Amino acid sequence: MAEAAYPTLSPELARTVIDPHSYAEWDGLLDTFDHLRQTKPLAKIVPDEEGLFEPFWLVTRYDDVMRMSKDNATFLNNPRPVVFSLNSAIEFSRQATGSNMLVDSLVVFDAPVHPKYRKLTQDWFMPRNLKQIEDEIRALANRTVDAMVAAGPEVDFCKLVSGPYPLHVVMQILGVPEEDEPRMQMLTQQMFGGQDADLSGTGMENMTPEQVVQLVAGAVKSFEDYFADIARQRRENPTDDVASVIANAKVDGAPLPDRDMAGYYIIVATAGHDTTSASTAGAMMALAQDQEQWARVKADRSLLPGIVEEAIRWTTPVQHFMRTAAEDTELGGQTIKKGDWLMMNYVAANHDPAQFDNPRAFDAARSPNRHVAFGAGAHQCLGLHLARLEMRILFETLLDRIASFELAGEPQRANSTFVGGLKTLPLRFTAS
């Protein structure tokens with residue numbers, strides 16, 4: 001057999017990249033990406049004889065990922081899935097929805113549709129508008145830390161703080177009643193945590209890949225039904241929340257199609273809290289392991305934005321997105337053909353030593369810190385200002401209320417190739 005004209009990964013390395021369990025073994029995963037950046041920074045992953053997925057390029061260097069992120073004309077979010085998916089999942093989605101993805105939202109649209117949809121809520125998520133809800137967010141932060149102090153001195157920070165706090169914030173923005181928040185949390189975990197038995201809560205370790213896809217599809221359907229009712233309420237009685245903006249939005253003079261409206265609600269509801277939860281927990285773990293940085297920021301609050309930004313880079317909650325080449329092009333010294341599928345691996349890019357000195361170290365003073373955890377270009381995360389604001393307010397509250405803390409057990413990461421982070425963080429703390 002003739003040798004491939006492009007670099008490929010061994011089956012073992014390929015499995016590491018696409019296996020959810022690899023992302024729970026963080027140091028080993030980073031070792032793999034260090035090796036690949038040095039030897040095959042842009043390589044093709046080809047399926048074995050079973051053909052469970054389509055071939056794709058793995059992109060691990062920061063510069064290559066940044067170039068792709070900013071070139072939305074060459075690297076499209078459609079027509080292939082924007083998240084790595086097995087062929088069985090893609091086929092299920094096509095049969096269920098007529099689309100390659102179970103949810104059609106901002107993250108799967110290209111121009112000219114994408115900028116029209118993004119514009120609908122973009123002003124709502126800008127810092128000027130977010131100032132109007134800062135007091136409400138601070139009240140939620142205080143309430144969350146109250147619960148932590150009351151439950152202390154040992155807590156699971158993920159369960160008690162980093163999980164519920166951003167969920168409270170985004171559900172308040174969407175006008176979801178507090179009594180429905182546990183349901184929203186469960187559905188989010190089934191969507192994003194469907195690869196992790198602890199998060200999905202369904203005994204999925206005994207499920208086939210097809211059954212896992214059906215689990216995720218069920219969560220999507222539940223979201224769609226729930227937000228259809230929210231949309232109806234906001235059309236009848238509009239308020240000043242983002243749910244009303246979506247419900248009453250028009251593009252090219254027409255209301256949003258039901259599927260697009262549902263996708264808009266789902267992406268705000270899910271991506272708006274799970275990612276911030278992961279960054280917040282990651283920061284607490286890093287600071288628990290390095291009390292000097294906690295002491296420094298306690299003495300100098302001006303360092304707090306650095307902790308927030310470094311937490312987002314260091315944890316990289318959104319671990320990858322896929323793109324499809326719109327035309328033949330060149331990337332990282334390799335010829336990319338029209339129609340090729342590519343994985344921008346943000347974990348690898350955010351730990352590229354060519355861009356970040358000593359990237360595995362958590363450094364609140366890191367500057368510059370131009371990470372790609374929020375993406376870049378036209379598809380940069382819509383909620384990045386909200387995420388930074390939420391984290392800053394929560395850490396201001398923790399700095400006021402928590403004198404010191406340390407690990408009280410071994411933290412555990414989620415098994416997930418897409419949205420990942422800590423699922424448990426046992427802490428022992430002393431209140432101020």
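Let's start at arginine 401, which at 24% relative accessibility counts as partly exposed; here buried means under 20% relative accessible area, exposed means over 50%, and partly exposed lies in between (1.4 Å probe, protein chains only). The model is predicted, so local features need pLDDT of at least 70 and side-chain atom pairs count only at pLDDT 80 or more, while totals for chains, interfaces and linings use all residues. Residues are numbered from 1 along each chain as its sequence is written, and side-chain values use heavy atoms, with hydrogens and water left out.

What does arginine 401 form with aspartate 146? The two form a salt bridge, their closest N and O atoms being 2.8 Å apart; the term stands for a side-chain nitrogen of Lys or Arg within 4 Å of a carboxyl oxygen of Asp or Glu. Because arginine 401 lies in helix α18 (residues 384-401) and aspartate 146 in helix α7 (residues 134-151), the pair ties together parts that are 255 residues apart in sequence. Helices here are DSSP runs (H or I, at least four residues), numbered from the N terminus. Aspartate 146 is partly exposed too, at 40% relative accessibility.

In helix α4 (residues 87-97), arginine 94 and glutamate 91 are three residues apart, so about one helical turn separates them. Their side chains meet in a salt bridge of 3.9 Å, N to O. Arginine 94 is partly exposed at 44% relative accessibility, and glutamate 91 is partly exposed at 36%.

Elsewhere, a network of salt bridges links Asp31, Asp34, Arg37, Asp352 and Arg360.

Now stay with α16 and look at its packing. Helix α14 (residues 258-289) and helix α16 (residues 304-315) pack at an angle of about 105 degrees, with their axes 8 Å apart. That makes α14 roughly perpendicular to α16, a label for angles of 65 to 115 degrees. Axes are lines fitted to C-alpha atoms over the stretch in contact, and angles run from 0 to 180 degrees between N-to-C directions. The contact (heavy atoms within 4.5 Å) includes Ala278, Gly282 and Met285 of α14 and Ile307, Ala311 and Trp314 of α16. By class, it has nine nonpolar, four polar and no charged residues; Ala, Val, Leu, Ile, Met, Phe, Trp, Tyr, Cys and Pro count as nonpolar, Asp, Glu, Lys and Arg as charged, and the others, Gly among them, as polar.

Definitions and conventions
Helix = DSSP H or I, 4+ residues; strand = E, 2+ residues; numbered from the N terminus. Parallel < 35°, antiparallel > 145°, perpendicular 65-115°, else oblique.
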